[in-house]
Amino acid sequence: MKFARTFKQHLLEDGFPEHWVESAISYRKLKKCIKKVEEELSEIGLDADTLSLLLKTAEKNQGAGSDTEDQEEKPFQYVLSPKGSRGQNEEKSYPTKFQPKLLFMIDEATGEPLHAKLSPETKQYLHQLALSENITDIRITDEQDDPKANPTDRKNSLASTNSRSYRTVEVPLISDSQFFGTLQSELSGLATIQKEEEKKLSSEVEDLSNVVSKMTKPKDSKSKHDLQQWRRIFELYLDSRIFFSTSERDPWANNYERAAKGLGNFAAELQKQGLYDDFKSKEGALALHKFLNINSELLQGLKFQEINNMATMKILKKFDKRTALGATSNAALIFQQTPIPASLARAVCAEISNHLLATVPQLDDYLCPVCFSIAWRPVRLQCQHVFCIRCLIVMQRDKQDHCPLCRKKVVMEADSDNLDDSMSRFLKKYFPEEVKKKQKENERAAGRDTYGELYDEKCRVM
Amino acid sequence: MALPKRIIKETERLMAEPVPGITAVPHEENLRYFDVTVDGPSQSPYEGGTFKLELFLPDDYPMTPPKVRFLTKIYHPNIDRLGRICLDVLKSNWSPALQIRTILLSIQALLGAPNPDDPLANDVAQRWKEDQNAAIQTAREWTAQYAKV
């Protein structure tokens with residue numbers, strides 16, 4: 001009761017686009033559907049209490065008996081199987097429709113249900129079913145009163161020669177089919193929306209990437225300034241870990257609440273550092289605005305997805321409670337079949353980091369793995385691992401021949417041919433300040449090597 | 001001498017993104033000296049214990065490995081009475097690309113996989129080989145006795 005209301009409220013008040021709201025899970029309708037299923041089942045004497053009691057006895061029997069799997073001990077089976085057999089050339093694009101089935105074991109000869117605990121109504125009903133399906137033509141008689149005759153015989157029932165053979169009858173479930181039909185088409189509708197949204201956001205990210213990359217290509221002081229700005233913005237963005245946290249403690253996707261907080265922090269930090277409008281090129285502020293928009297739209301998508309997932313889960317739980325048929329355990333099957341993309345955020349974030357963030361090289365990707373400073377001047381060993389020249393010199397002096405990353409014996413053989421000139425040019429272009437600083441450090445360290453520790457203090461007036 | 005950038009960065013990251021089950025806090029007066037705790041890995045005889053260690057970064061770190069020693073008494077074939085650790089990456093297999101966090105993870109892994117064929121504590125290793133169950137039982141008892149906070 002309560003959830004139906006909050007769900008509706010979220011849909012109406014959270015500013016989702018209209019066509020999203022229309023495609024949301026129709027919680028109320030599904031609830032009514034459950035009611036019908038309930039009625040249908042209790043008409044044949046199978047209300048929730050009876051069904052769960054049957055299930056429990058079945059489980060007990062299983063636990064008490066031998067450890068071999070004994071399907072026949074289950075009084076009934078509830079399966080969600082693909083509707084009809086699919087032809088070879090039927091395309092995958094049509095998600096399989098699920099047909100819920102309630103199957104009861106009956107004696108092939110007599111048409112009598114195999115379980116003694118069934119109520120007379122149910123027995124009668126099942127027998128009628130069996131009759132109408134021409135499985136048997138023998139009426140139930142009172143003499144046939146040993147349905148749970150010999151439990152040991154039951155195990156090899158179907159294939160056996162010495163015991164009675166069994167057949168299953170299917171109880172038609174009209175409202176139930178309706179329930180799953182509705183749920184499934186809604187889920188695939190949601191998947192479509194998500195795909196559209198993904199496509200839209202991805203193309204926005206791509207456009208923005210082009211703009212930013214043009215703006216930050218280092219050619220004059222203007223673009224160099226903007227390059228620095230964007231680098232700081234993206235650094236902050238990565239540090240905020242809005243949609244995914246990469247820490248070892250919990251490397252999972254963030255939920256809406258955490259993502260919203262992360263985005264809020266990011267925006268606040270931009271404000272604090274005065275990054276909003278400190279661009280030399282005119283498009284700067286507009287591009288940043290667009291970037292933030294993409295992120296908040298992504299956030300909305302995440303929220304929409306979350307409340308719909310919640311609604312699906314809740315409705316399935318309700319279904320179970322009312323009918324004791326155990327749909328939740330089958331739900332995994334449904335989700336697998338209906339292509340609900342795991343997460344919109346994942347797809348778009350990948351797009352953001354592959355396209356947009358890649359336009360502005362981040363220093364973290366060009367550090368020497370030994371000194372953690374920019375790998376200037378870069379030396380590429382034969383194993384392709386790159387270190388700064390300073391650390392390489394120290395390693396060679398220590399006669400450490402193994403590459404620190406892969407342990408290949410390639411350090412001693414390195415010489416000036418291993419200097420990576422194209423990477424040098426790249427670093428100089430994109431990280432002019434870091435390179436300058438590191439160059440000075442290298443020179444000072446080399447001086448210390450030559451003249452001793454006092455080299456640093458050479459300017460002291462004596 | 002000023003602290004190298006590398007050590008500053010490592011410390012920052014250890015603080016910002018600690019490794020689960022491991023803490024490493026530098027001393028205020030000597031930023032090269034760390035107080036370390038490592039939780040015993042689950043499903044090992046050290047499970048449930050928290051072990052104290054000390055870690056020191058020598059002057060030429062990362063060209064030479066950090067010096068690490070157990071402070072908590074521990075019954076382990078590769079750790080001796082003084083807490084010294086027999087672990088290849090702390091000696092011959094050290095690489096300057098390894099870090100404090102990776103070394104501590106290796107030590108934690110060593111607790112989960114004792115190697116009595118390359119012993120440091122001979123008596124423990126001997127017992128580990130002769131009667132593994134009894135040795136594991138002793139390790140468990142020592143953990144309960146010394147490594148419970």
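## A first look at chains A and B

In chain A, 68% of the contacts with a separation of 6 or more join residues 24 or more positions apart. For chain B, the corresponding share is 53%. Please keep in mind that this is a predicted model. Here is a short tour, chain by chain, with a stop at one pair of packed helices.

**Chain A overall**
- Chain A contains 15 helices and five strands.
- Of its 462 residues, 43% are buried.
- Chain A has an accessible surface of about 26100 Å², and carbon and sulfur atoms provide 51% of that area.

**Two packed helices in chain A**
- Helix 3 of chain A spans residues 27-43 and packs against helix 7 of chain A, residues 174-216, at an angle of about 160 degrees.
- The axes of these two helices lie 8 Å apart.
- Angles over 145 degrees count as roughly antiparallel, so helix 3 and helix 7 of chain A are roughly antiparallel to each other.
- Their crossing is left-handed.
- On the helix 3 side, the residues in contact include A:L30, A:C33, A:I34 and A:V37, while helix 7 contributes residues including A:I174, A:F179, A:T182 and A:L183.
- The residues of this contact comprise seven nonpolar, three polar and five charged.

**Chain B overall**
- Chain B has four helices and four strands, arranged along the sequence as α-β-β-β-β-α-α-α.
- Buried residues account for 48% of the 149 residues in chain B.
- The accessible surface of chain B is about 7600 Å², with 50% of it belonging to carbon and sulfur atoms.

Terms used
Residues are numbered from 1 along each chain as its sequence is written. Chains are lettered from A and ligands numbered from 1 in the order in which they are written. This is a predicted model: local features need pLDDT of at least 70, side-chain atom pairs count only at pLDDT 80 or more; totals for chains, interfaces and linings use all residues. Side-chain values use heavy atoms; hydrogens and water are left out. Buried means under 20% relative accessible area, exposed over 50%, partly exposed in between (1.4 Å probe, protein chains only). Contact means heavy atoms within 4.5 Å. Accessible areas come from the Shrake-Rupley method with a 1.4 Å probe; for residues, only the protein chains shown count as cover. Axes are lines fitted to C-alpha atoms, for helices over the stretch in contact, and angles run from 0 to 180 degrees between N-to-C directions. Angles under 35 degrees count as roughly parallel, over 145 as roughly antiparallel, 65 to 115 as roughly perpendicular and the rest as oblique. A crossing is left-handed if the near helix is turned anticlockwise from the far one by less than a right angle, and right-handed if clockwise. Ala, Val, Leu, Ile, Met, Phe, Trp, Tyr, Cys and Pro count as nonpolar, Asp, Glu, Lys and Arg as charged, and the others, Gly among them, as polar.
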